[in-house]
Amino acid sequence: MDIYKFEPIYKERVWGGSAFKDFLKRPISSGEKIGESWDLVDRPNDQSLVLQGIEKGQSLRELVQGKPSSFMGPGWNPTDPFPILVKWLDCNARLSLQVHPPQNVARQLGGEPKTENWYVANTTGDAALFVGLKKETTKNDFEAALRNNQVEQYCHRVDSEAGDSMFVQSGRIHAIDAGNLILEIQQNSDTTYRVYDWGRLGLDNKPRQLHVEESMQCVDFKDFEPIPLKSKDKMILANAKEFRIKRVNLLTDSNLLLKSKNSQCAIISVVQGKVEICDQHFSIGEHAVSPYCADCLINCIEPATLLVTDNFFLPNNN
């Protein structure tokens, strides 16, 4: 196939809301607290399934393993999972304060490193992000605040609005405040250490598990007051060793040859408008995967903004 679309996997969360139904127009039952939609995933217990074509029903793992060179590119090890996980987060309430482990610490703790990027698609109310620490906060300050339930005063909180993009490298303390609909593009990892949960109970009406000891080994205590990218015309949102994310704005009836045949695999995420990619329609909230072996022509049906994720694997001949 020239382009792949996958079926979302929905996750109920204590902080979830109704944005998938109301804003993304997805068929979610009223009353369900869906907090996450895993739209592209290759994990042992979660597998994206192809929605259309002759490979309908095949998992992402089967595609990567069955045709590693044509899907990912020459030199890809077929036993390796797809390196990127793409999910939507409906943050109707504040998420826990958490941190992901850097690679060297992840090995020691038996977890996986995780660097991610947030793209804010929509906001309501007093939406904000917690990212990094306030200036001059020390580890001793933070640990004492945890014991006294005063940790919020040491966390850097910044207002958020649609179009903002925030890079969250491993080691950065963070939380998403209420009122954000976020597209999260991340390393293929499910390791999160929850350091504080604002005194909240989980879906089972019990306190959720905290990982304070592990978190203290991961937090970068020199990471002070980062700010999101604000320019809606900025082309490169993230350019890290794990992935690159580009923003592409298209006008109605315009077209773009995003990539030619035999060039690196790319993920296209529609965050505004509607496009046609290789004769398939994609609306806001949907994603396409263009494999190595195919070119990718995009026709714009209505004004659109796309996020293009690539550089997560550079084939031998690229």
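## Burial and overall fold

Buried here means under 20% relative accessible area. The model is predicted.

The protein chain carries 6 helices and 20 strands. Its radius of gyration is 20 Å, in agreement with the value near 20 Å for a compact globule of 318 residues. Along the principal axes, the C-alpha atoms fill a box of roughly 55 × 40 × 40 Å. Accessible surface comes to about 14,000 Å², and carbon and sulfur atoms hold 45% of that. Among contacts with a separation of 6 or more, 76% join residues 24 or more positions apart.

## Aromatic pairs

The aromatic pairs number 10. In one of them, the ring centres of Phe71 and Phe82 lie 6.4 Å apart, with the planes at 65°. Edge-to-face requires planes over 60 degrees apart, so Phe71 and Phe82 form an edge-to-face pair. This pair links distant parts of the chain, 11 residues apart. Phe71 sits in helix α3 (residues 68–71), while Phe82 is in the loop between α3 and β5 (84–91). Phe71 has a relative accessible area of 1%, so this residue is buried. Phe82 is at 0% and therefore counts as buried too.

Phe130 and Trp198 make a tilted pair. Their centres are 5.5 Å apart, and the angle between the planes is 35°. Here 68 residues separate the partners in the chain. Phe130 belongs to strand β8 (residues 128–133); Trp198 lies in the loop between β13 (193–196) and α6 (212–218).

Ring pairs also build a cluster: Tyr4, Phe6, Phe71, Phe82 and Phe312.

## Charges over rings

Two contacts of this kind stand out for description. Arg94 lies over the face of Trp198, 4.5 Å from the ring centre. Trp198 is also the ring partner of Phe130. The charged end of Lys5 sits over the ring of Phe282, at 4.5 Å from its centre.

## Nonpolar cores

The largest nonpolar core holds 35 residues. Phe71, Met72 and Phe82 have the most contacts inside it. The elements giving two or more residues to this core include α1 (19–22), α2 (60–66), β2 (34–40) and β5. Also among them are β7 (116–123), β12 (180–187), β14 (236–239) and β17 (266–277).

Leaving aside neighbours within four places in sequence, Phe71 is in contact with Tyr4, Leu60, Leu63, Val64 and Phe82, among others. Its contacts also include Cys265, Val289, Pro291 and Tyr292. A second core is separate and has 20 residues, among them Val105, Leu146, Ala175 and Met216.

## Glu7

Glu7 is found in the segment before β1 (9–17). At 40% relative accessibility, Glu7 counts as partly exposed. Not counting residues up to four places away in sequence, Glu7 touches Trp38, Leu49 and Leu51. Met235 is 228 residues from Glu7 along the chain, and 28 Å separates their C-alpha atoms.

Note on methods. Residues are numbered from 1 along each chain as its sequence is written. This is a predicted model: local features need pLDDT of at least 70, side-chain atom pairs count only at pLDDT 80 or more; totals for chains, interfaces and linings use all residues. Side-chain values use heavy atoms; hydrogens and water are left out. Rings of Phe, Tyr and Trp (its six-membered ring) pair if their centres lie within 6.5 Å; planes under 30 degrees apart count as stacked, over 60 as edge-to-face and the rest as tilted. Helices (H or I, at least four residues) and strands (E, at least two) are DSSP runs, numbered from the N terminus. Buried means under 20% relative accessible area, exposed over 50%, partly exposed in between (1.4 Å probe, protein chains only). A charge sits over a ring if NZ of Lys or CZ of Arg is within 6 Å of the ring centre and within 35 degrees of the ring normal. A nonpolar core is a set of buried Ala, Val, Leu, Ile, Met, Phe, Trp, Tyr and Cys residues joined through side-chain atoms within 4.5 Å. Contact means heavy atoms within 4.5 Å. The radius of gyration is taken over C-alpha atoms; the globule rule is 2.2 Å times the number of residues to the power 0.38. Accessible areas come from the Shrake-Rupley method with a 1.4 Å probe; for residues, only the protein chains shown count as cover.
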